[in-house]
Amino acid sequence: MMFLTRKIIFSAAHVCRNPDWSDDQNRYVYGHCAVGTGHGHDYICEATVKGSINSSTGIVVNLVDVKQLLRTVITPLDMTHLNDNGDLFQGQEPTTERLTRALWHRLVPMLTQCELARLNIYESRTRSIEYIGDDTMIYVTRRVEFNAAHRLHSQVMSDEENARIFGKCNNPNGHGHNYELEVTVCGTLDKRTGMVIDMGLLDDLIQRTVVDRYDHKNLNMDLEEFREVNPTSEEFARVIWNRLSPHFTQPKLYKIRLFETSNNSFEYYGEQE
Ligand SMILES: [Zn+2]
Ligand SMILES: [Zn+2]
């Protein structure tokens, strides 16, 4: 099976507010998306299709055709206010979860030569949704930044071995990273909110469990979990997973991805049961 992805960008305004709730409750559920009468996002939409390679053409489907179908569905939304779109949202808050799901159901019947595998919509650099056609598995990814110092040094290896394996990262006085962490949870849509998880709840959990503990810290010297564990990003990702995962049942924690730099990232899905 081959997977092909086509990206399309569109700009739209929205506001997510339940008029029956207080300002504080709306802010807790929808974050900044609850503020005022509306704001805009440059939504990035990625449609991934799957299929077999045609033995004559050598392609699965002509991506130009996929682009045209995406335009047919997306262009009517470009430069509009999503709250005005009764067709897609029926007066409900136009969350990115609802948007992704609605666009999926528009695209699927139009794709005749291949199958839609997933639809990702990034409302910003820090929040995105993935839908795979299964209402019990809607993925929400949130990204945060923090910085910390560390020194890569294994206590079970000699100084020479450490220097050889870790190079500059073995510098005795350490060095620092601007870490970026993506946390992906997976669950069903809360019909009350149109979200998989309240923005405030997810942000608070990440803030309390990860950022407050590690931001502006020296991992080797300040954190007991690295007293005897070499704070590589592999170990760090596992430690973060183990701290976060007990807090998630519905939705469940699906994946974390830790960026040590923009070039190096580490994904962890927990240990398979
Ligand atoms: Zn918004
Ligand atoms: Zn490092």
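The lining of the largest pocket takes at least three residues from domain 1 (1–133) and at least three from domain 2 (134–273). Before going on, please note that this is a predicted model.

First, the chain as a whole. The protein chain has 8 helices and 10 strands. Its C-alpha atoms fill a box of roughly 65 × 60 × 35 Å along the principal axes. There are 273 residues in the chain, and 47% of them are buried. If you take the contacts with a separation of 6 or more, 67% of those are between residues 24 or more positions apart.

Back to the largest pocket. The volume of this pocket is about 490 Å³. Its lining is made of 23 residues, and the ones nearest the centre are Asn120, Tyr122, Ser128, Thr141 and Glu182. Which strands each supply at least two residues of this lining? They are β2 (39–51), β4 (115–124), β5 (127–131), β6 (138–150), β7 (175–187) and β9 (252–259). Sorted by class, the lining holds 9 charged, 8 polar and 6 nonpolar residues.

Next, the second largest pocket, with about 270 Å³ of space. The residues that line it are Leu88, Phe89, Gln90, Gln92, Arg98, Arg101, Ala102, Asp135, Ile138, Leu189 and Lys191. Helices α3 (86–89) and α4 (96–107) supply at least two residues each. The largest share comes from α4, with 3 residues. By class, this lining has 5 nonpolar, 4 charged and 2 polar residues.

One residue on that list deserves a second look. Gln90 lines the second largest pocket, and Gln90 sits in the loop between α3 and α4. The phi angle of Gln90 is positive, about 45°, although Gln90 is not a glycine. Is Gln90 buried or exposed? Its relative accessibility is 57%, so Gln90 counts as exposed.

Met79 is not a glycine either, and has a positive phi of about 60°. You will find Met79 in the loop between α2 (63–74) and β3 (80–81). Met79 counts as exposed because its relative accessibility is 67%.

While we are on the backbone, look at the step from Gln250 to Pro251. That peptide bond is cis, with omega near 0°. Pro251 is in the loop between α8 (233–244) and β9.

Now the inside of the model. How many cavities of 30 Å³ or more does the structure hold? The count is 1. The largest cavity has a volume of about 40 Å³. Its lining consists of His14, Cys16, Tyr30, Cys33, Thr95, Thr96, Glu97, Glu123, Arg127, Met195 and Met199. Of these lining residues, 5 are nonpolar, 3 are polar and 3 are charged.

Cys33 is in that lining, which brings us to the cysteines. Cys33 has a relative accessible area of 7%, so it is buried. How many disulfides are there? The count comes to 0. Take Cys45 as an example: the nearest cysteine sulfur belongs to Cys114 and is 14 Å away, and Cys45 is in no disulfide. A disulfide here needs the two sulfur atoms within 2.5 Å. Cys45 is also buried, because its relative accessible area is 0%.

Lys217 belongs to strand β8 (residues 217–218). With a relative accessibility of 28%, Lys217 counts as partly exposed, because that class lies between the 20% and 50% limits. Which residues does Lys217 contact, leaving aside its neighbours within four places in sequence? They are Asn147, Ala148, Ala149, Asp212, Asp222 and Leu223. Consider Ala148 from that list: Lys217 and Ala148 are 69 residues apart in sequence, and their C-alpha atoms are 5.0 Å apart in space.

Methods: Residues numbered from 1 in each chain as written. Chains lettered and ligands numbered in written order. Predicted model: local features only at pLDDT ≥ 70, side-chain atom pairs only at ≥ 80, totals over all residues. Heavy atoms only, no water. 1 Å grid on protein atoms, 1.4 Å probe; cavity = no way out; pocket = protein on both sides within 12 Å on 5 of 7 lines; lining within 4 Å. Points joined across faces, edges and corners; volume = space filled by probe spheres on them. Helix = DSSP H or I, 4+ residues; strand = E, 2+ residues; numbered from the N terminus. Nonpolar A, V, L, I, M, F, W, Y, C, P; charged D, E, K, R; others polar. Domains from an automatic or database assignment. Buried < 20%, exposed > 50% of the residue type's maximum accessible area, 1.4 Å probe, protein only. Contact = heavy atoms within 4.5 Å.
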